Amino acid sequence: MLLRADRRVELIRGLPLFELCSKRDLRRIAALADERELGAGTELIREGEPGREFYVVVEGEIDVRRGKRRVAQLGAGSFVGEIALLSRSPRTATVVATTPLRVLAIEGRDFVELLDSLPELWLKVARALADRVESDEAAEALPHS
């Protein structure tokens with residue numbers, strides 16, 4: 001069941017990534033987002049492929065994998081896909097739904113335009129990127145099993 005526009009705005013407001021956005025900005029984000037319901041096992045992102053969309057998890061859980069190794073398990077409020085969009089490089093990981101999933105998908109060009117118009121959002125995404133790079137470097141330092 002897809003959400004009405006006002007409900008979508010409320011949902012987006014509750015996500016940490018968008019918590020500093022004004023109601024007007026939230027309406028813009030909601031208008032860009034394509035809501036999707038996906039089954040467990042659905043692959044959202046495949047490592048090595050070009051990035052075309054950015055995803056925000058509304059409900060459910062996802063696994064983030066590099067090769068055969070799980071590097072993260074994420075849930076509602078998390079987001080994935082920003083690295084490839086911002087760096088214009090291939091996807092750095094594969095992301096798979098581990099439960100039934102509801103996501104908001106934003107097309108790459110729309111996402112970058114949104115970031116350019118909302119500096120506070122750029123800052124949050126940049127912080128998340130830095131955290132991911134740091135955690136990736138720490139994971140790479142661990143022995144592989």
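Biologist: At what angle do helix 1 (residues 5-13) and helix 2 pack, and how far apart are their axes?

Modeller: A packed pair of helices is described by the angle between the axes and the distance between them. Here, helix 1 and helix 2 pack at an angle of about 110°, with their axes 9 Å apart. An axis is a line fitted to C-alpha atoms, for helices over the stretch in contact, and angles run from 0 to 180 degrees between N-to-C directions. Helix 1 and helix 2 are therefore roughly perpendicular to each other (65 to 115 degrees; under 35 is roughly parallel, over 145 roughly antiparallel, the rest oblique). Keep in mind that this is a predicted model, where local features need pLDDT of at least 70 and side-chain atom pairs count only at pLDDT 80 or more, while totals for chains, interfaces and linings use all residues. Residues are numbered from 1 along each chain as its sequence is written, and side-chain values use heavy atoms, with hydrogens and water left out.

Biologist: Which residues of helix 1 and helix 2 make the contact?

Modeller: Contact means heavy atoms within 4.5 Å. Helix 1 brings Arg8, Val9, Glu10, Ile12 and Arg13, and helix 2 brings Lys23, Leu26, Arg27, Ile29 and Ala30. They divide into five nonpolar, no polar and five charged (Ala, Val, Leu, Ile, Met, Phe, Trp, Tyr, Cys and Pro count as nonpolar, Asp, Glu, Lys and Arg as charged, and the others, Gly among them, as polar).

Biologist: How do helix 2 (residues 23-32) and helix 4 (residues 108-117) pack?

Modeller: The angle is about 175° and the axes are 11 Å apart. That makes helix 2 roughly antiparallel to helix 4. Arg28, Ile29 and Leu32 of helix 2 touch Asp110, Leu114 and Ser117 of helix 4. This contact holds three nonpolar residues, one polar and two charged.

Biologist: In what order do the four strands of the open sheet stand?

Modeller: Strands of a sheet pair through backbone hydrogen bonds, either parallel or antiparallel. In this open sheet the order is 2-7-4-5, with antiparallel pairing (two strands pair if DSSP finds at least two bridges between them). Strand 2 (43-45) and strand 5 (69-74) are at the edges with a single partner strand each, so one side of each has no neighbour in the sheet. From one strand to the next, the twist averages 30°.

Biologist: How many bridges join strand 4 (residues 62-66) to strand 7 (residues 94-97)?

Modeller: Four bridges join this antiparallel pair, and Asp63 stands opposite Val96 in strand 7. Strand 2 pairs with strand 7 over two bridges, where Ile45 faces Val95.

Biologist: Which way do the residues of strand 7 point?

Modeller: In a regular strand the side chains alternate between the two faces of the sheet. Thr94 and Val96 point one way from strand 7, Val95 and Ala97 the other way, and all are buried (under 20% relative accessible area with a 1.4 Å probe, protein chains only; over 50% is exposed, in between partly exposed).

Biologist: Where in the protein chain is confidence lowest, and where highest?

Modeller: The predictor's confidence in each residue is its pLDDT, from 0 to 100. Helix 5 (residues 119-141) is lowest, at a mean of 72, and strand 7 highest, at 97. The chain averages 84, and 88% of its residues score at least 70.

Biologist: How many helices and strands does the protein chain have?

Modeller: Five helices and eight strands (DSSP runs numbered from the N terminus: H or I of at least four residues, E of at least two). Of the 145 residues, 39% are buried.
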